[in-house]
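Let's take a walk through this model, ring by ring and helix by helix. Have the viewer open as you read.

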Amino acid sequence: MTDVVTGQDEPQRPRASMRQVLASLNQPKVALAVVFGIATGMPPVLVGVTLGFWLRSEGIALAAIGMMSWVGLFVSIKFLWAPFVDWIQLPWIGKRLGHRRSWMLLGQTFVTLGILGMAATGPSGGLGVFIAFAMLTSFAAATQDIAVDAWRIESAEDEEQDLMASAYIFGLRSGYFLGNVPILAMSAAIGWSMAYAAAAVGGIAGLAGLLMAREPDKARDFAPATGLSSILGALLRPLKVFWQDHGRSNFIFLPLVALFFVPDGLINSMVGPLYIDLGFTGPQIAAVRTVFGFPATLAGVIISGLIGLRFGTIPAMATALILAAVSNAGFAFLALSGGDRGVWIAASMFEGFSGGMATAAMVAWASRLTNPVATAAQFALLSSLMTLVAGFLGGFAGMAVEALQVRSGSPMGGFATWFSITPFAAIPPLFLIWLVSKRTSPV
């Protein structure tokens, strides 16, 4: 079979049994990939979906909430400084901890400070300062994410990439859960500020994992900058290598990465406000996501891996994208139902399952596109593209919903119309997946 990434004949590897896969989970680096996934999964949710709940509970307008989601765009533009994470050795801790782990420590430290700052300020304590702390959290989380992705890819052999990606996504989706559901439950009991302070303490797990991890065994050149040309060279080298590896296929690969998560991005910032406007409480939301949504997400991650193992990554991506797009319509039914509990549970499970599948499939595929000479920078570029277009367009979701509410004359009618339109955003990436699949043929 021809490899969809390299265009070369793919080496035939024996298929791993489920017992072998489960046995491999006792490897320390696989377990640490889960821990680091949790550490990198929590902050984006705390400045994204969970923040939407907090802002809406404070009476902030939908348009403002939608634009506040742009705070998370630091994750989408991290490719701008990722080459320096590859290139610059941090003083003292860089030699003590190693290159990747020292950057992970720096990112985690400022993530914790940013979340604590949000907790201390709150939206009512000065929105400008609150946004500044949210931006610090987002920037530091993006930097930590760059280092974690590089550590994960460089710590795995080629045949272990899918396993490490699945372990990381398992942790990532767990981090999404921990950055949302427990915080919603705690907010009802101890208030939003204390709940966010408790979330900051969760960063200790990431720090503990960092101390246990081994630095990837890879020689590095930390030549000092000698002028503008060396800085530009550091920025452009990963792009040059990426072009050399994939050539004109980039005109398919990169748009696919950029558009794959647009259906999700268009609704993410509006799900929380929909729940609040339907009258759901924090404990109710936490219960549904704990009992139904989170297990469905983990099932989606597992199923994605099984589909990839049996049929290939591209079929897994196509299946996940179709399900993710259709799941958006579930929230339209929820809005029209007026908050029916059965519809809510079904929508939550469907969205969780499809989201887990989509994330696992795309990360596994994108990891294979990177070159070891610029792992951090290249995967940062790809993961930035995964969220850049989706995040930017999602920032207008609040204005779109408000306009549709005026036009329909009904708050829930506006939500329902928006959630019904967004699945069509899956058509362009599905076409690109089809083009990628046409590059493969039996040999």
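Predicted model: local features only at pLDDT ≥ 70, side-chain atom pairs only at ≥ 80, totals over all residues.

Residues are numbered from 1 along each chain as its sequence is written, and side-chain values use heavy atoms, with hydrogens and water left out.

Start with the rings. A pair of aromatic rings is described by the distance of the centres and the angle of the planes. Here, rings of Phe, Tyr and Trp (its six-membered ring) pair if their centres lie within 6.5 Å; planes under 30 degrees apart are stacked, over 60 edge-to-face, and the rest tilted. Searching the whole structure turns up 19 aromatic pairs. One of them is F53 with Y275, a tilted pair at 6.2 Å centre to centre and 35° between the planes. F53 sits in helix α3 (residues 49-57) and Y275 in helix α15 (residues 262-277), so this pair ties together parts 222 residues apart in sequence. Helices here are DSSP runs (H or I, at least four residues), numbered from the N terminus. F53 is buried, at a relative accessible area of 1%, and Y275 is buried at 1% as well; buried means under 20% relative accessible area (1.4 Å probe, protein chains only).

α15 has 16 residues, 13 of them buried, so it is largely enclosed by the rest of the structure. There is a kink of about 40° at M270, shortly before the proline P273; the bend is the angle between axes fitted to the seven residues ending there and the seven starting there. Just after α15, G279 takes a positive phi of about 90°.

Where does K78 lie? Look in the loop between α4 (62-68) and α5 (82-87). K78 counts as buried, at 1% relative accessibility. Its side chain makes a polar contact with the side chain of D145 at 2.5 Å (N or O atoms within 3.5 Å; within protein, one must be able to donate a hydrogen and the other to accept it, and residues adjacent in sequence count only if both atoms are side-chain atoms).

Finally, R152 lies over the face of Y168, at 5.0 Å from the ring centre, and over the face of F379, also at 5.0 Å. For that, CZ of Arg must be within 6 Å of the ring centre and within 35 degrees of the ring normal.

How values were computed:
Helix = DSSP H or I, 4+ residues; strand = E, 2+ residues; numbered from the N terminus. Buried < 20%, exposed > 50% of the residue type's maximum accessible area, 1.4 Å probe, protein only.
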